[in-house]
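Let's take a walk through this model, looking at a pocket, some ring contacts and a helix. Have the sequence and the 3D view open as you read.

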Amino acid sequence: MSVIESEEHQALRAAVAALGVKYGRDYLTNAVSSGRHPAELWSEAAKLGYLGVNLPEEYGGGGGGIAELSIVLEELGAAGCPLLMMVVSPAICGTVIARFGTEEQKREWLPALADGTRTMAFGITEPDAGSNSHRITTTARRDPDTGDWLLTGRKVFVSGVDTADATLIVGRTADARTGNLKPCLFIVPRDTEGFQRRAIDMELNASEKQFELTLDDVRLPAGALVGDEDAGLLQLFAGLNPERIMGAAFAIGMGRYALARAVEYARERTVWKVPIGAHQAIAHPLAQAHIELELARLMMQKAAHLCDAGDDIGAGEAANMAKYAAGEACVRAVDQAVHTLGGNGLTREFGLASLITAARVSRIAPVSREMILNYVSHQTLGLPKSY
């Protein structure tokens with residue numbers, strides 16, 4: 001792994017940045033205010049090969065990896081128009097299906113995920129489990145007469161279920177040998193009988209809505225199971241590592257957008273004969289924010305490299321660190337950007353105030369910073385487990 005970006009990655013970054021500038025934050029803001037999915041940007045990104053850049057070429061993808069997909073999301077974010085469903089559909093679900101899906105599942109889903117004509121949501125979080133995936137109570141059992149699967153349980157904070165064609169649901173099945181429950185993944189089409197959704201009333205403005213899901217003996221064919229019934233955590237981590245890396249990309253892009261607006265303002269705003277950016281009280285915090293975002297990107301790139309190399313353990317550690325660093329850097333960058341603009345930072349004209357709430361998400365989801373610190377203190381430093 002080189003710490004200097006390759007010419008191919010630089011070219012990809014420049015091309016996606018140009019697409020992002022074409023749409024920009026106003027486009028995304030208008031989509032949110034009208035309650036619609038940013039379909040035009042999604043379609044053009046797909047047409048240019050960006051949505052499926054991480055998926056295998058034989059199934060219509062670009063043959064790259066999470067390293068390339070994270071560049072796409074970061075640059076769209078830096079232009080003010082990130083696509084949250086990129087985290088879920090091609091990154092999590094596409095990666096899991098490409099790695100563990102049956103040939104039939106790959107043929108059905110990967111080309112459509114790559115060209116943007118279909119999307120898939122991801123359901124793991126539960127009301128009573130939170131960050132403790134071992135307490136997931138959504139269970140799957142076989143119908144002995146038909147061989148079908150029957151899923152029962154609840155999920156919360158699932159993004160984009162209303163527009164996604166299916167949701168990849170994390171359930172648990174009983175191990176025939178031990179009786180212990182182990183995680184398994186199932187593709188649940190949106191209109192499946194017994195699969196119900198309720199929108200969660202969020203103060204966070206986003207084009208992707210959040211939902212609570214109820215599965216009441218949802219009947220699925222045997223072919224809905226993704227991968228091996230006995231693979232357990234291996235398949236789950238194959239999706240969670242890209243989720244954390246893409247979460248970092250989302251946060252870095254948002255932080256860069258806010259920082260760029262603040263730097264532009266600091267160059268032009270003059271109060272005492274010189275631009276306010278000439279004063280260290282303004283300039284130094286912005287420089288610090290830039291440094292922290294760059295450092296977070298380096299860790300994200302390391303995580304993406306390990307993920308694409310198939311090092312799930314190494315990628316798990318790096319992805320958690322990247323997500324932590326990016327979330328912290330994003331929150332500080334947005335806060336400093338708003339502070340730099342003063343009262344203007346809270347006006348609709350400059351478009352920064354809404355990022356205050358959005359930036360907080362990067363500290364909370366897809367995993368909280370406290371759980372990341374638990375992971376690092378226990379798994380990396382070898383300290384006693386506290387949870």
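What follows is a short tour of a predicted model.

## The second largest pocket

Start with the second largest pocket, which has a volume of about 290 Å³. It is lined by 16 residues, and the ones closest to its centre are Met-1, Ser-2, His-9, Ala-67 and Gln-301.

What is the lining made of, by class?

## Aromatic pairs

The count of aromatic pairs comes to three. One of them is Trp-149 with Phe-186: the ring centres are 5.2 Å apart and the planes sit at 65°, so this pair is edge-to-face, the cut-off for that being over 60 degrees. Trp-149 belongs to strand β3 (residues 149-159) and Phe-186 to strand β5 (residues 181-189), so the contact ties together parts 37 residues apart in sequence. Both Trp-149 and Phe-186 are buried.

Tyr-265 and Phe-350 make another edge-to-face pair, with 5.7 Å from centre to centre and 85° between the planes. Here Tyr-265 comes from helix α6 (residues 233-268), while Phe-350 sits in the loop between α8 (312-341) and α9 (353-364), so the pair ties together parts that are 85 residues apart in sequence. Is Tyr-265 buried or exposed? At 11% relative accessibility, Tyr-265 counts as buried, because the cut-off is under 20%. Phe-350 has a relative accessible area of 26% and is partly exposed.

## Charges over rings

Two arginines are worth a look in the viewer. Arg-118 lies over the face of Trp-109, 3.8 Å from the ring centre. Arg-261 has its charged end over the ring of Tyr-257, at 4.7 Å from the centre of that ring.

## Along α7

How far does α7 reach from its first C-alpha to its last? Its 29 residues reach 41 Å, close to the 42 Å expected at 1.5 Å a residue.

Buried residues in α7 include Ile-282, Leu-286, Ala-289, Leu-293, Ala-296, Met-300, Ala-303, Ala-304, Leu-306 and Cys-307. Glu-292 and Arg-297 are also among the buried residues of this helix. Just after α7 comes Gly-310, which takes a positive phi of about 85°.

Definitions and conventions. Residues numbered from 1 in each chain as written. Predicted model: local features only at pLDDT ≥ 70, side-chain atom pairs only at ≥ 80, totals over all residues. Heavy atoms only, no water. 1 Å grid on protein atoms, 1.4 Å probe; cavity = no way out; pocket = protein on both sides within 12 Å on 5 of 7 lines; lining within 4 Å. Points joined across faces, edges and corners; volume = space filled by probe spheres on them. Phe/Tyr/Trp six-rings, centres within 6.5 Å; stacked < 30°, edge-to-face > 60°. Helix = DSSP H or I, 4+ residues; strand = E, 2+ residues; numbered from the N terminus. Buried < 20%, exposed > 50% of the residue type's maximum accessible area, 1.4 Å probe, protein only. Lys NZ or Arg CZ within 6 Å of the ring centre and 35° of its normal. Expected span 1.5 Å × (residues − 1).
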